[in-house]
Amino acid sequence: MEVSGLESVIESGGHNYPIFIGFVTATELLEYASVPNFKKSTTNEDIASNVLTPPVKEWQRPLIEDNKIKITNTFNNTGEFMPNPVLIAERTVGKRPEIIIDDLKVNGFMTGLKKITIPKTKEKPLWIIDGQHRITGLGDSKCAQKDNPVPVVFLLNNGGNSYNGRNLAKIFAQVTTEATPLALLHKEWLTFAFNLDHYASGAASTKAMECSAQLCKTPYFKSEKFNNPFFDDIKFNDSLGPSSKFLGQQYDCRDLASIIDSTYYSETAVNKHLLPEELAQQIALAFDVLSKNVRAPQENSVFFGQSHYFHKIMCDAFLTGVLVYLLENQAVDRAGWDKLLKKLNFHKTDWNFHQHVNKSARWVDKSKKLAVNVFDELFRDEQLPRGVSNIWDYLSGDQLQIEVVFRNVDKNGRAIKLDEETEFLSRGTKKTVTMEKRRHLSIRDKSSNAKHVEIFDDRGSAAHPIKYKAKGQVIEPSRQRDGAMSSFTVTLKVTLYGGIEETMKVILSGWE
């Protein structure tokens, strides 16, 4: 195929980028150009394997058939035409095509144009970077404009190495942002595959996404001799359904990588961090052991249940615990994970949380933070808190404790330690504290299941609540007409898992 076109060179960041502009029919473009895209049916495992095997071969979005048909019908001899240029680049995977670019002469005279000679090869020499729906729609055999010229912008190396998979993928991501934004997961793994944005080589986020991909693409872990329960069960393809073969709901690559990044690779390890493929095996092994320690019926459990029985926040909490444990213990075998989970009485906990949660309250966000906080502590300590027999009891308030401190203040209203009063509050506490000259209240410490504590002054109302900061705040008594200071009550409300609430009351009296 020969194309006549204009050439210009863009200089940016110390690099030169040759750009050519010409006209080619949609029929010819389909003969010489392909789209490096994956399909709507491409498995998660195939995408995970693809992004881990450079050069990445399939990185553009799937063809949307309805969009193609719409273009075919719109421009099928209706008086409409397509003036928008499409973006074409030479293929950068495999053997490079031998595209020849010469000065175009007419009767021996220079025209200022270039003659671009593109060979026909077994693997099409060109890629459609932007415009796959326009080209496939216009080039359809049913479209009357299939042989009309289409304006084309060519990105050709012209003997150099200006264009490669990385910058073509970046260009693709940029030019598609305003038209039809990339699907969330597609954009994430595309960015990772070509080390763009926050996925710079060696970054914690890069290792985390690599771990997610390894977890999805590996069918069997040889060293521990077990089938990977997450094989092809982490979502990379936005087009596939959400059904899960293992947990009650699939993790997607973006969500999973975010947890691994923030909890493991962005934190300091006692020895050194595991490699992504090693960490993938540990995560798979820990969850596999979990499945052996959750008692029947598992379909009603927060980990493996369906619909309202499944609580993703508990999977997140368990994953957090696993990653925290690995920061200090590096690698654990099956027996080690089983021993830890049994010490934490996973096998004795009733994991059907649906029966307990407050159906009328919005509790997920607070419960997630609570569960993550608790599992972080449990896996670090490798034991349940004293007096606790199972994890549900602890999440719902067993051995709940809050240390409240009442202090004097200086002339500037700052708390001082002189003559402070400390009280330890537990579930249902109601006690009286003699304040004397103390005017400051704060929470010094609390058990991990007391993640969410609010302090209310009972002199307020539901419409106009009076709240105190847990970190500390000056409080003042009410004065009667004769100047005497009245007692009043503060209520500490703790929000537990599932929207369950516990309250503790402290009567503040004896003011001076």
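**A friendly chat about strands, cysteines and one asparagine**

Biologist: In which sense do strand 4 (residues 86-90) and strand 7 (residues 126-130) pair, and over how many bridges?

Modeller: This is a predicted model. Strands of a sheet can pair either parallel or antiparallel, through backbone hydrogen bonds. Here, strand 4 and strand 7 take the antiparallel sense, and the pairing runs over 4 bridges.

Biologist: Which residue in strand 7 is the bridge partner of Glu-90?

Modeller: Glu-90 belongs to strand 4, which spans residues 86-90. Looking across to strand 7, the bridge partner is Leu-126.

Biologist: How many disulfides does the structure hold?

Modeller: A disulfide is a covalent bond between the sulfur atoms of two cysteines. To count here, two sulfur atoms must lie within 2.5 Å. For Cys-253, the nearest cysteine sulfur is that of Cys-216, 8.5 Å away, and Cys-253 is in no disulfide. For the structure, the count is 0.

Biologist: Is Asn-237 buried or exposed?

Modeller: Asn-237 is found in the loop between strand 11 (234-235) and strand 12 (251-252). Residues that Asn-237 touches include Phe-38, Thr-42 and Ile-47. The cut-off for buried is under 20% relative accessible area. Because Asn-237 has a relative accessible area of 0%, the answer is buried.

Biologist: Which residue has its backbone nitrogen 2.9 Å from a polar atom of the Asn-237 side chain?

Modeller: Staying with the side chain of Asn-237, a polar atom there lies 2.9 Å from a backbone nitrogen. That nitrogen belongs to Ser-239.

Definitions and conventions: Residues are numbered from 1 along each chain as its sequence is written. This is a predicted model: local features need pLDDT of at least 70, side-chain atom pairs count only at pLDDT 80 or more; totals for chains, interfaces and linings use all residues. Side-chain values use heavy atoms; hydrogens and water are left out. Helices (H or I, at least four residues) and strands (E, at least two) are DSSP runs, numbered from the N terminus. Buried means under 20% relative accessible area, exposed over 50%, partly exposed in between (1.4 Å probe, protein chains only). A polar contact is a pair of N or O atoms within 3.5 Å; within protein, one must be able to donate a hydrogen and the other to accept it, and residues adjacent in sequence count only if both atoms are side-chain atoms. Contact means heavy atoms within 4.5 Å. Two strands pair if DSSP finds at least two bridges between them. Lists of a residue's contacts leave out its neighbours within four places in sequence.
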